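Subject: A structure for you to look through

Hi,

Here's the structure I promised to pass on.

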Amino acid sequence: MYFPNILLKMIDSIKKFAKENNVPIMLDDGISFLINYIKEKEIKNILEVGSAIGFSAIMMATVSNDIIVDTIEIDTGRFEIAKKNIKSFNLDSRINIYNTDALEFVSEKKYDLIFIDAAKAQYKRYMEYFLNNLKDDGVFIFDNMNFHGMVDNFESIKNRNTRSLVKKIKRFKDEILDDENYEVIFEKNIGDGIIIAKYKRYV
């Protein structure tokens, strides 16, 4: 995807800030996959759960001038940074950011894509909570299904809290891959592992 030099510098600045401040954002090949998917499927309305500092919302919105992104971030500090980043790209008319718990966000809107990249232990709850906000041909996309390679190397994890989190991610991954209600694609080798899931009543 082509960006003018000035936008590339701004994107690089966000990525640098994320790295220096330990803010998790999508890996390069993961975000490339996501924006190409949005372009190919001509997606226009997106809900993102987990704005962080606005990187992925900005990247998704720049695919096309008629894309609208609603994005939710519970952390007030990251929310404020995301707002500034979104404004710096002049995208505040097409990216609506909400500082709230996603499970308290209420909307009647229907989305082509619901991108979930927030608290990993809550993925199943988010999916169930937002199912009615999915358009007839819409999809869920989940990031971090490999969780830095830990999902396939569970026994090597020493930290108790990390083991608990990875166990929940693995359970969610295994359950959705086996769920007959969903048509699922698992892109294990893209980014940190990406799942695309379409509810079968829409297939």
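Below is what I found, one spot at a time.

First, the ground rules. This is a predicted model, where local features need pLDDT of at least 70, side-chain atom pairs count only at pLDDT 80 or more, and totals for chains, interfaces and linings use all residues. Residues are numbered from 1 along each chain as its sequence is written, and side-chain values use heavy atoms, with hydrogens and water left out.

**Two helices that meet**

Helices (H or I, at least four residues) and strands (E, at least two) are DSSP runs, numbered from the N terminus. Two packed helices are described by the angle between their axes and the distance between the axes. Take helix H5 (residues 123–130) and helix H6 (residues 160–178): their axes cross at roughly 45° and come within 9 Å. Those axes are lines fitted to C-alpha atoms, for helices over the stretch in contact, with angles running from 0 to 180 degrees between N-to-C directions. H5 and H6 are therefore oblique to each other. As for the cut-offs, angles under 35 degrees are roughly parallel, over 145 roughly antiparallel, 65 to 115 roughly perpendicular, and the rest oblique.

Which residues make the contact? From H5 they are Tyr123, Lys124 and Met127, and from H6 they are Phe172, Glu175 and Ile176. Contact here means heavy atoms within 4.5 Å. Sorted by type, the residues of this contact are 4 nonpolar, no polar and 2 charged. (Nonpolar covers Ala, Val, Leu, Ile, Met, Phe, Trp, Tyr, Cys and Pro; charged covers Asp, Glu, Lys and Arg; the others, Gly among them, are polar.)

**Aromatic rings**

Rings of Phe, Tyr and Trp (its six-membered ring) pair if their centres lie within 6.5 Å; planes under 30 degrees apart are stacked, over 60 edge-to-face, and the rest tilted. By this rule there are 8 aromatic pairs. One of them joins Tyr123 and Phe172, edge-to-face, at 5.8 Å centre to centre and with 80° between the planes. Tyr123 lies in helix H5 and Phe172 in helix H6, so this pair ties together parts that are 49 residues apart in sequence. Tyr123 and Phe172 are both buried, and that word means under 20% relative accessible area, against exposed at over 50% and partly exposed in between (1.4 Å probe, protein chains only). Ring pairs also link Tyr123, Phe140, Phe142 and Phe172 into a cluster.

Next, find Ser51 in the loop between strand S1 (45–49) and helix H3 (55–61). Is Ser51 buried or exposed? With 2% relative accessibility, Ser51 counts as buried. Its side chain makes a polar contact with the side chain of Thr71, at 2.6 Å. (A polar contact is a pair of N or O atoms within 3.5 Å; within protein, one must be able to donate a hydrogen and the other to accept it, and residues adjacent in sequence count only if both atoms are side-chain atoms.) Beyond four places in sequence, Ser51 is in contact with Thr71, Ile72, Glu73 and Ile97.

Glu73 sits in the loop between strand S2 (68–72) and helix H4 (76–88), and is buried at 7% relative accessibility. The side chain of Glu73 reaches the backbone nitrogen of Asp75 at 3.0 Å.

**Two positive phi values**

Ala52 is in the loop between S1 and H3, and its phi is near 55°, a positive value in a residue other than glycine. Asn144, also not a glycine, has a positive phi of about 70°; look for Asn144 in the loop between strand S5 (134–142) and H6. Ala52 is buried, with a relative accessible area of 11%, and Asn144 counts as buried at 11% relative accessibility.

**Two last stops**

Leu47 is in strand S1 and is buried at 0% relative accessibility. Leaving out residues up to four places away in sequence, Leu47 touches several residues, among them Asp70, Ile72, Phe105 and Tyr111.

Finally, Gly191 lies in the loop between strand S6 (182–187) and strand S7 (194–199). Gly191 and Phe33 are 158 residues apart in sequence and 8.3 Å apart in space, C-alpha to C-alpha.

Happy browsing!
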